[in-house]
Amino acid sequence: MNKSVCSLTDLKIGETARVNKLSLTGSMRRRVQDIGLIEGTEVECVLKSPGGDPIAYQIRGAIIALRNEDSLNILVTV
Amino acid sequence: MGLTANSTGLNAVDFGLVIKKINDNDKVIALAGNPNVGKSTVFNELTGLKQHTGNWAGKTVTNAQGVCNYNNTNYILVDIPGTYSLMAHSAEEEVARDFICFGNPDAVIVVCDATCLERNLNLVLQTIEITDNVVVCVNLMDEAKNKGIEIDLKELSIKLGVPVVGTSARSGKGLNEMMNMLETVGNNHPISIKYIKSIEEAIALVEPVIKEKIGDCTIHSRWIALKLIDYDTALISSLSSYLGLDLLEDNEIAKSLHKAREIISQNNITDEGLKDKIVSCIVLTAEEICMDIVRFDRKCYNANDRKIDKILTNKWTGFPIMIALLGLVFWITITGANYPSALLSDGLFWLEDRLVELCILIRVPKFIYEMLIFGAYRVLAWVVSVMLPPMAIFFPLFTLLEDLGYLPRVAFNLDKSFKKCCACGKQALTMVMGFGCNAAGIVGCRIIDSPRERLIAMITNNFVPCNGRFPTLIAIITMFFVGTTGGLVQSLVSTMLLTVVILLGIFMTFAISALLSKTILKGEASAFTLELPPYRKPKILEIIVRSVFDRTLFVLGRAIAISAPAGLVIWILANISIGNYTLLAHCSNFLNPFAQALGMDGVILLAFILGFPANEIVIPIIIMSYMATGSIMKLDSLFELRQLLVNNGWTWITAISTMLFSLMHFPCSTTCLTIKKETQSNKWTAISFLVPTVTGIIICFLFANIARLFI
């Protein structure tokens, strides 16, 4: 299998990946954990805003928009 | 939080939560849940109250309460803010958790969204960790069914150890069953979440000590132990005062806690790591529970939503659609309001004549009936005929967009621009609320987590004209810039100009937000997550009824309550003379030099000042003042009104300056009061008052003086 680690922002629309590591700190780290985004969670990139930032992801059945500066620190395995 | 009688105007001010029991047997029920799962709908269906519902996360920002009588018991339902978690990372989460812990509810109903149950279970698990008395309400079952999602509720109930009921609150389905289940919460035996070995060992050391100390308590000793190990200091001190036992000072607890922490650190778990582990265990438990009980028939159950999203948030079409929708709402408002406005005005002025005749007939002294009719009644008639139709049209349209779920997409589109100003994209939501009522917009700012960004949103909210102001803008635009002949072209031009004015307001919001971020509210943009809810089919009839009875009539009522006495005051000012001038003339003459520098005149500025309690009455005051000083004439149409204004020296410069100042001046008194209440600070209230005022003064001054150079 061809597995590679990249950041969440690298996903193209429609691509699915699994969270490998959360490098976020402080309130943002706790916030994404509260919405169910922990290591091992499956995430799909679903929508980009007109400026390309924020980007919306499907996380445990809900669509959540995250800013790129934050999702850059969420490492995923494609 | 939307715009309702309970959320606009003075009621927007939150005076804290006091549970009003009718008698001692009443049961207090807390309604908890993730944002936007239909908690408010459940609440409304049960209590008959009109807590506003809309399709976006974070509407309910205060605790609302209502009474529901079921099986001869009064249930006092408390709608607590929607949260994803009870870990108290934000103000709402703290309010929610504190109410569940310390509000002494007899039961907690956790409302879940059937379309994304797994994430919702997170909150359910955290709630049953605190208390036994929980009923889980899986709402939006109809929506889930349409999407091909099947949920085994019986199995869920067995797995959680608390009653579970499926509901479709929008049609009232399942709610009776839910109320029945409230009576059985005493027999609940909720599961406890299994943490990793080291945390379990730590809990096993602390929990027995706590259990012995607190005895019979609705708050689980296991949870208290966990929070002590997690060292949640704010919660521990609240718990201590609630239990009447200083948890940190108690020797036995301290001893066990010390040992427990040793276990944690022996396993190389840091403070941050401990929090991670706790959350992970909860999330994974939710995942495990859902694995067996939720079935998806179709893999891409929300494909349609994604298609719509692609268009509404597209690089090329996203912004044009946004502006076009804004324009469309205004166009419908302007064209739709013309005819009923004229009709109302005819009717009310016809009634004025009859009232005068009646007064003469029954020999009411002249100065009394003139004061009441030409003062109070006339301003009232103006407010009603100018304000009511646009409001009655605008509010339902606004509600429609809200129910559809479009507003979060606006925030999604605009977030990048807000981020550039170091502000939060959710500010877009508070701005949209500002279109309805700035006071409601201010309260809505609670959805913004960072205090710095919240203050920015509060201070700039007034740059969005509320419904009390945009009829003023529409009237001036119609009179001075498009002619009053009517027709499609005229209404389109009016709409365009109004949209330009609003866009200017939005631009100013960005500019001032950026300025504030660079000066008194320095800082970086902070944690941001925005949920894009599924689109929902709005219930048209309900929207109309709700917006007319709930929003329109209420806001109108407030305008009337203020306009009648204001009319009286103006009349008195205009009819009592000192020296050669009336009091009104003294006041406006005093203001005149300053007002002239801003492109207006003393009367207009005086009207803005007198309109401090409610912006709706600014134009009526201006008209009253001119009519009181000149000969009394009949104003049957906007054309004649224009004549009156022109006779009093209005030019297009006056018109634009007045519009600019209307867009940018001090917030109304209720908004100021709300800001005071929300910020708990005189300083920020003063700043919120001064920032738009000073901006307006500068811009009007520049505009008027530059424009005068060219004529």
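Two strands are said to pair here if DSSP finds at least two bridges between them. Please also keep in mind throughout that this is a predicted model.

I start with the sheet in chain B. It is an open sheet of 6 strands, and the order across it is β2-β3-β1-β4-β5-β7. The pairing is mixed. At the edges are β2, residues 64–70, and β7, residues 164–166, of chain B, each of which pairs on one side only. From one strand to the next, the twist averages 25 degrees.

Consider now the end of that order at β7(B). Strand β5 of chain B, residues 134–139, is joined to β7(B) by 3 bridges, and the two run parallel. Within this pairing, Val164(B) in β7(B) is the bridge partner of Val136(B). A helix also packs on the sheet here: α5 of chain B, residues 153–160, touches β5 and β7 of chain B. The direction of α5(B) makes about 155 degrees with that of β7(B).

Let me turn to the domains. Chain B is divided into domain 1, covering 9–187, domain 2, covering 197–269, and domain 3, covering 318–709.

Finally, the contact between the chains. It takes 26 residues from chain A and 32 residues from chain B. On the chain A side, at least two residues each come from α1 (26–34), β3 (42–48) and β5 (62–66) of chain A. The most come from α1(A), which gives 7 residues. The residues on this side of chain A divide into 14 nonpolar, 6 polar and 6 charged.

How many bridges join β5(A) to strand β9 of chain B? There are 3 bridges between β5(A) and β9(B), residues 529–531, and these strands run antiparallel. In that pairing, Leu66(A) stands opposite Thr529(B). Strand β5(A) therefore has two entries in this account, by definition of pairing through at least two bridges, and as a supplier of residues to the side of chain A that touches chain B.

Definitions and conventions: Residues are numbered from 1 along each chain as its sequence is written. Chains are lettered from A and ligands numbered from 1 in the order in which they are written. This is a predicted model: local features need pLDDT of at least 70, side-chain atom pairs count only at pLDDT 80 or more; totals for chains, interfaces and linings use all residues. Helices (H or I, at least four residues) and strands (E, at least two) are DSSP runs, numbered from the N terminus. Axes are lines fitted to C-alpha atoms, for helices over the stretch in contact, and angles run from 0 to 180 degrees between N-to-C directions. Two residues are in contact if their C-beta atoms, placed from the backbone, lie within 7 Å. Domain bounds come from an automatic or database domain assignment. Ala, Val, Leu, Ile, Met, Phe, Trp, Tyr, Cys and Pro count as nonpolar, Asp, Glu, Lys and Arg as charged, and the others, Gly among them, as polar.
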